[in-house]
Amino acid sequence: MTRLMVNNFFEQLKRSVGVAKKDLRIYYKRGPVIIFGLIMPFFLFLSFFIGRNMPIERLFIGLLGMAIFFSSMSIGPAIIPFEASSRTLERLMSTPIAVWALFLGDVIASFLYGLLISIVPLIIGLVLGINIIQPLILSLGMVLAALCFSSFGILLSAYPPTDVPSTAMMISNLVKFPLVFISGVFIPISQMQDWGKIIASASFSPLTYFTDLVSYCTQETSYYSIPVDFIALIGFTLLFLTAAIKIHEKTLPKRLS
Amino acid sequence: MKTAIEVEGLTKSFGEIIAVNHINFEVKKDEIFGFLGPNGAGKTTTIRMLTGVLKPDEGKAIIMGHDILKEPLKAKQIISVVPEMANAYRDLTAWQNLMLMGELYGVPKEESRERAKFLLKEFGLYERRNQLARGFSKGMKQKLILCAALLTEPQVLFLDEPTAGLDVESARLIRDMIRQYNREGTTIFFSTHNMEEANRLCDRIAIINHGKIAAIDTPEKLRMKSTELKSVEVSFNKPVPIKELAEIPNVTNLKKIGDKIRLYTDEPHSVINSLTDYARRKKLTIISLNTLAPTLEDVFIKLVKEHRGD
């Protein structure tokens, strides 16, 4: 019985990989993905940091945080609305893939895209002389963060069940932008000492824990302890993924009517 | 197992509208089962429930022994669907579309490749296998979707209006494929508006209207049940006043079709006698005289009207 369940699990996992391959082939070059995932955060970064005399390590934390956050969340919200509007969703839903496997496939695609894009600021940082003191922790942090933000992206496309991709992207941006400002991307959390409420809300943002990790890996200073950062990222990932699957399960049929 | 699909009390509502209302039917294994109904009758909703896309509010559907609600993955593994509003992935090539379907059904890669090659050749798409589906015509896309559905060698194939909007040649190719795969053992469940298509293809037909099954039988038996829809079609060498023909005993209705007049009756032989008497009296020559059994379209319209309470 257990063996059969394990076999079924791996069989479904293979199907997730099939979905991820399809997503990467189709969605990475879509307009909304490029605009909201790459161009907009890049200019937001430039507009905030240019002209301010900041240490390069601080710039690196901001750039890496923005890159991984926006790129990992760029494909996810677009997939299901695109599938619904291009009339491929019904066929997908009639195939023998479990709902969790279907969305895990979407998460894998977003994760790989986010991870790949965030290698660019990492290389830029290294070229500019950033010293990565804890490369292993940074690598693990990037993997976890990309997974966490990808799951978040999939969750943000779950409701409302729209088949208009730009609506889903707009809703996801409504959530993403405030989070960027409270998560230590532009201002380190340690400097928000007097802003008790903001710090309290920052702890509800998964991005906070990633920027804290990057800060530790490059400057050896962090607001939270490293285990807390890791546990928070894992916790948020599980929460987002479970919520995304549950909500999508309920809203999927509504996208067909 | 003799039954491929068993449906019991299947019901689905959208708000206050009951799209499918406690329907019951069975589809035998190796059968081509037609599902006919006017727009909005509940055909697509039924197919979506049978294929696990929509959850019914009530009732159950068993596909080859697997309850679609309790064992959705097992049921979906042995079926394939060509949905009415389906599209292939426009940004994938024909080949990639088929490989994706193989992956989603867990078909081993080598088998997927062989079947894809065979099917694309069968449907005349092999030369264009590396082109993105966005450049395909509607007919080519429909063939590609059918290829994707057949790649998994389903035991039951659901087709929702598979030939709607296609040119004559593509529609014929798809009908031929349906026949061929049915001969090879695939049970076919398909919805259509095309009565002639249903008449030629189906072993049995269900007519659905306002979410309820109005009739289920073989096309021939459905036609024979509607005795009052028998007719006599006549044409004379000169035009005749239609009013005079309406007075012939046992004629229930009549219709002018081109240069012919169709007289509906449940007593064709008596109408034929009356028509020959009429021709003799009026010094007319009968050019043609045929007795006609009701067409499936006649039966369909009658059943739909009866169901509506007209």
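Biologist: In what order do the six strands of the open sheet in chain B stand?

Modeller: This is a predicted model, in which local features need pLDDT of at least 70, side-chain atom pairs count only at pLDDT 80 or more, and totals for chains, interfaces and linings use all residues. Residues are numbered from 1 along each chain as its sequence is written, while chains are lettered from A and ligands numbered from 1 in the order in which they are written. Strands are DSSP runs of E with at least two residues, and helices are runs of H or I with at least four, numbered from the N terminus; two strands pair if DSSP finds at least two bridges between them. With mixed pairing, the order in chain B is β6-β7-β8-β3-β9-β10.

Biologist: Why is one side of β6 and of β10 of chain B left without a neighbour in the sheet?

Modeller: Both β6 (79–82) and β10 (212–217) of chain B stand at the edges. One side of each is left without a neighbour because each has a single partner strand.

Biologist: Which elements do the buried residues of α3(B) pack against?

Modeller: A residue is buried if 20 or more other C-beta atoms, placed from the backbone, lie within 10 Å of its own, exposed if 12 or fewer, and partly exposed in between. Ten of the eleven residues of α3 (residues 94–104) of chain B are buried, so this helix is largely enclosed by the rest of the structure. Its buried residues, among them B:Leu98 and B:Met101, pack against α4 (109–122) and α5 of chain B and α1 (2–27) of chain A.

Key. Two residues are in contact if their C-beta atoms, placed from the backbone, lie within 7 Å.
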